[in-house]
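Dear colleague,

I am passing on the structure below, together with notes on what was found in it. Please read the two side by side.

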Amino acid sequence: MATLLKAVPEKTGRWVVEDRNKGVFKVAREAFVSDAIFEKERERIFDKCWLYLGHATELKEANDYLTRNVAGRELIFNRDRKGSYNAFFNVCPHRGAMVAREKCGSALGFKCFYHGWAFNNNGKFATRMGEGFYPEDFGKDGSVDLVRVPRLEEYRGFYFINFDEGAVSLEEYLADSREIIDLVADQSPNGMEIIGGGQQYSINANWKLLLENSFDGYHAEDTHATYFEYLSDYIGGAANDDLSAAKVESRAIDLKNGHAVIEGKAPWGRPIARTIPSWGEDGAADIRAARAELEARLGVEKAHRIADGDRNMGIFPSLVINDIMAITIRTFHPVSSGLIHVNAWAMGPVGEPRLQRKRRLDNFLEFLGPGGFATPDDVEALESAHRGYGNAKFAPWNDISRGLLKDQPTNFDEEQMRCFWREWARRMEDQ
Amino acid sequence: MTEVMMKPGAITTEPVLSRSEYEDFLYHEAALLDAWRLDEWLELFVEGATYEVPTAGAPDDADSSESLFYIADDYFRLRHRIKRLNSKQAHSEWPRSKTLHTVTNVRILGAEADGVRVTSNFVTYRTKNDVTHTFVGRHYYVLRKTDDKLCIVSKRSMLDMDNLRPQGRVSIIV
């Protein structure tokens, strides 16, 4: 007699359907194109979740500041005179103009150009008013200080904000993604830093499409055939064969709270610490030294995981840290249901020698970013899908069932996306 | 804006041509790009040439060993960029976008040992998927006459924009 399969209850939401009995996981395309759903996401996701603001090394000295839009809100990320990190809403308490209008700089305070109200860089109101216009104790209660973002917390140099005062701590929120962040933060004894000149671009698609794409191993061979042709020529071997071998060993890991990572071994060189023939003997020597340093500092097991593993991680809702042929940190905040503003940065060891930094940045540019051999094709795919979703009324479902019934799904399955969607459904579907 | 003028006493074997000769060359280059005659465009470059597009708003002396660019091609990668763009699997550019490259304000900045520094302003229009995007900025070239033909030793395209919104990508040659 055949083994009776134990029935698993079907989880049917309006937008996310998981039916393990049938091996099917579906997401409604309406979730990508509906303005009403987007408004609900702003309330239930972007106003409730921890959102990446910036990295500690972007503000090297006391008084440094930068301005940044996070999930539609203009913010100031700065260090005050004592060197403490702050996040303020970039809006004058008086009549609302932005008090900082440059991308970055060093400032002891901020002065609004509209009516001249001024603030110390710890946010305190610091304006000398003429007599008789305001009560004597005006502003003493803090009511006209710059408004702080309700929560600002840091993990290993990565600063996050939360617009919800009552949110759980960042560490609790990050859950198992902390272990993967550690694998980046631990790559150098000198610490890791953001490399100058981030990439800012836009995509005419829903933000969740980029989240899915950022850790989608399944699409690589088809979408990025021209990149792998280049790579085969560059590394002097068939990159596609390596890619096929990688499928067997790779795995998708649920990091809890909607975060997930895929981990495997890809054919490209890793600046830390896997060499390729075209980097020559100099490159090989640098890599040997880096591996030895990692092993001595972190032990063999962790050193090998850092050096040999490629990891694409999505942190719910809109942060990706991909530690692949280079390290990229990427946020993708929605402007509307059909428009994403992407910020992408490269990360490398503090004090990395020039030649190694050049290899790292070359590796980044070969694949990643608006002029890379791969990202533009991803953008085309996302925009194409978003246009296709205009047919949602008649062709309503995306299928992301691949590997649903496996004990250990791989990079080339879609479990990592399901981790995201289960959390999305938990927050969005009315029970 | 940095301008390198003729350095007194610099050793140069490169004669400076008239501006109109450089203009003709740049107009020819633009026409090749608009016609997607990319193999011929690549032939304008000497072996070992570089092609760079720093991030929008980067300083003119940005260094691809220290800062993240959009494009920092050595000759090997430039050849692959063209091989890729000739393929229907370069999905971003298939079906091919329509481009119009305009070149203005051509100036000769000076001669150096490796060639003559020439700059132009540019406006490049790219139309794809029913939308036309505009790229504006300045090209900086080092041009050299080899076998009686002008050739590109290096080309750097500075984008005088804040970012790539709404353009989204630099998958054409600007």
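UniProt positions are given here in the numbering used for this structure, with feature names shortened, and such annotations may be inferred rather than shown by experiment. With that caution, the unreviewed UniProt entry places the feature "domain: Rieske" at residues 51-161 of chain A. Please keep in mind that this is a predicted model, in which local features need pLDDT of at least 70 and side-chain atom pairs count only at pLDDT 80 or more, while totals for chains, interfaces and linings use all residues. Residues are numbered from 1 along each chain as its sequence is written, and chains are lettered from A and ligands numbered from 1 in the order in which they are written.

Helices (H or I, at least four residues) and strands (E, at least two) are DSSP runs, numbered from the N terminus. The domain assignment of chain A, whose bounds come from an automatic or database source, gives domain 1 (51-166) and domain 2 (195-428). Their C-alpha centres lie 34 Å apart, and five residues of domain 1 are in contact with five residues of domain 2, where contact requires C-beta atoms, placed from the backbone, within 7 Å.

Turning to chain B, there are three helices and six strands, which follow the pattern α-α-β-β-α-β-β-β-β along the sequence. The radius of gyration, taken over C-alpha atoms, is 16 Å, which agrees with the value near 16 Å for a compact globule of 174 residues; the globule rule is 2.2 Å times the number of residues to the power 0.38. The C-alpha atoms of chain B fill a box of roughly 50 × 35 × 30 Å along the principal axes. Buried residues make up 39% of the 174 residues in chain B, a residue being buried if 20 or more other C-beta atoms, placed from the backbone, lie within 10 Å of its own.

As for the meeting of the chains, 34 residues of chain A are in contact with 30 residues of chain B. The elements that give two or more residues to the chain A side are β14, α7 (225-235), β20, α11 and α12, and the largest share, eight residues, comes from α11(A). Asp362(A) lies in this helix α11 (residues 354-367) and is buried, because 22 other C-beta atoms lie within 10 Å. The buried residues of α12(A), among them Val379(A) and Leu382(A), pack against α1 (30-33), β14 (199-203), α5 (207-214) and α6 (220-223) of chain A.

Finally, a nonpolar core is a set of buried Ala, Val, Leu, Ile, Met, Phe, Trp, Tyr and Cys residues joined through C-beta atoms within 7 Å. Of the 128 residues in the largest such core, Leu51(A), Ala346(A) and Leu143(B) touch the most other members. The largest share of this core, six residues, comes from strand β20 (residues 339-349) of chain A, and the core draws at least three residues from each of domain 1 and domain 2 of chain A.

With best wishes

Methods
A residue is buried if 20 or more other C-beta atoms lie within 10 Å of its own, exposed if 12 or fewer, and partly exposed in between; C-beta atoms are placed from the backbone. Two residues are in contact if their C-beta atoms, placed from the backbone, lie within 7 Å.
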